[in-house]
Amino acid sequence: MPVIGRVESVWRYPVKSMAGEELPEIYASFAGVWGDRLFAFKSSATPAGFPYLTGREAHQLLIYRPRFRDPQKAAKPANLAEAEELSPLLNPVAADPSDFALDIESPSGELLPIDGQTLLQQLNRLVGDGHSLTLLRSQRAMTDCRPISLFSLQTAQQLGEEVGFVLDKRRFRANVYLDLGTAEGFFENALVGHKIRIGSKVIIAALERDPRCQMITLDPDTATPNPEVLRAVARGHEGTAGIYGAVLAEGIIRSGDTIEMLD
């Protein structure tokens, strides 16, 4: 099968709309990336169909940094090696909730429990009147649409040229960043409707282009908005950048893994 590129880096976002973390490897499961978007804050002022507090309502949410208390336990299923030793087809057990115990580093450097009142009070002050917040905890990734997202460096480069400044790929909050070599920007759109294999085991069905919102306007380090980024995506790319996928075969994705077209 033709190799179309390699994995540049892999990421997860333990709390919806908070900062992400780059890892040497991620475990891609049917329900999403292991440890990805397991927590979110629900707001009384957001629509019932999408009840989450996000960077759209509170830009500064983006610079709160989640920290798993036991990074090793939170990295992948505890019995992954044992399951694969029995058979490469076996799926490992689900995680114990305690494996995902989490703290949040605030912009001021405080380390606060995800379920503590101090963090909740900070976020309530941040978002202002009209929002009453509660913590949500899920057994699967609370992604906007599909379990896993992919975005190419070439697309980030092209969009940067269109807006006239270098765009940090982190604006696009993907799980898997792709280096597609000499391909043009937005080449990943051509993968929609096809299956790809990443590394030796993971198979992903590329389902659809990723519709974008105000989140991509926010600088990942400062949360400062620049509306021109979203305007460029809307103006030249039908409001989409990157793609969503579904995991068909679970497994580890590592930085440097090859990406192959299967059909």
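## Basis of the description

The structure is a predicted model.

F186 lies in the loop that joins strand 11 to strand 12 (195-198). Although F186 is not a glycine, its phi is positive, at about 70°. The relative accessible area of F186 is 9%, so this residue is buried.

R37 is buried, because its relative accessible area is 10%.

## The largest pocket

The largest pocket holds about 360 Å³ of space. Its lining is made up of 22 residues, and those closest to the pocket centre are R37, D144, R173, R212 and Y244. Divided by class, the lining of this pocket has 9 charged, 8 nonpolar and 5 polar residues.

## The second largest pocket

For the second largest pocket, the volume is about 310 Å³. A total of 24 residues line it, with S29, W34, A94, A95 and Q139 nearest its centre. Strand 3 (25-29) and strand 4 (32-33) are the elements that give two or more residues to this lining. By class, the lining of the second largest pocket comprises 14 nonpolar, 6 polar and 4 charged residues.

Helix 2 spans residues 117-127, and L119, L120, Q122, L123 and V127 are buried within it. These residues lie on the same side of helix 2, because they cover an arc of only 160° around the axis. Q117 and R125, on the other side of helix 2, are exposed.

Which strands do the buried residues of helix 2 pack against? The partners are strand 5 (39-43), strand 7 (102-105), strand 8 (111-113) and strand 9 (133-137). Just after helix 2 comes G128, with a positive phi of about 85°.

## Helix 3 and its cover

In helix 3, which runs over residues 153-163, the buried residues are Q154, T155, A156, L159, G160 and V163. Among the elements that cover them are strand 10 (148-152), strand 11 (176-179), helix 4 and strand 14 (240-249).

## Cysteines

How many disulfides does the model count? The count is 0. A disulfide is a covalent bond between the sulfur atoms of two cysteines. The cut-off applied to a pair of cysteine sulfur atoms is 2.5 Å. The closest cysteine sulfur to that of C145 belongs to C213 and is 9.7 Å away, which is too far for a bond. C213 is likewise in no disulfide, the sulfur of C145 being its nearest.

C145 has a relative accessible area of 40% and is therefore partly exposed. C213 is partly exposed as well, with a value of 24%.

H59 is placed in the loop between strand 5 and strand 6 (65-68). Its relative accessibility of 24% makes H59 count as partly exposed. With neighbours within four places in sequence left aside, H59 is in contact with Q214, L218, A223 and P225. The C-alpha atoms of H59 and A183 are 33 Å apart in space, and the two residues are 124 residues apart in sequence.

T217 is located in the loop between strand 13 (202-211) and helix 4 (228-237). Is T217 buried or exposed? T217 is buried, because its relative accessible area is 3%. Apart from neighbours within four places in sequence, T217 has contacts with R171, T224, P225, N226, P227, V229 and L230.

## M261 in strand 16

M261 belongs to strand 16, which covers residues 258-261. At 16% relative accessibility, M261 counts as buried, for which the limit is under 20%. When residues up to four places away in sequence are not counted, M261 touches M1, P2, I4, L191, H194, K195 and I196. M261 and R140 are 121 residues apart along the chain, and 27 Å separates their C-alpha atoms.

Methods. Residues are numbered from 1 along each chain as its sequence is written. This is a predicted model: local features need pLDDT of at least 70, side-chain atom pairs count only at pLDDT 80 or more; totals for chains, interfaces and linings use all residues. Side-chain values use heavy atoms; hydrogens and water are left out. Helices (H or I, at least four residues) and strands (E, at least two) are DSSP runs, numbered from the N terminus. Buried means under 20% relative accessible area, exposed over 50%, partly exposed in between (1.4 Å probe, protein chains only). Contact means heavy atoms within 4.5 Å. On a 1 Å grid over the protein atoms alone, a cavity is a set of points where a 1.4 Å probe fits but cannot get out, and a pocket is an open set with protein on both sides within 12 Å along at least five of seven lines; lining residues have an atom within 4 Å of a point. Grid points are joined across faces, edges and corners, and a volume is the space filled by probe spheres set on the points. Ala, Val, Leu, Ile, Met, Phe, Trp, Tyr, Cys and Pro count as nonpolar, Asp, Glu, Lys and Arg as charged, and the others, Gly among them, as polar. The arc is that of the directions from the helix axis to the C-beta atoms.
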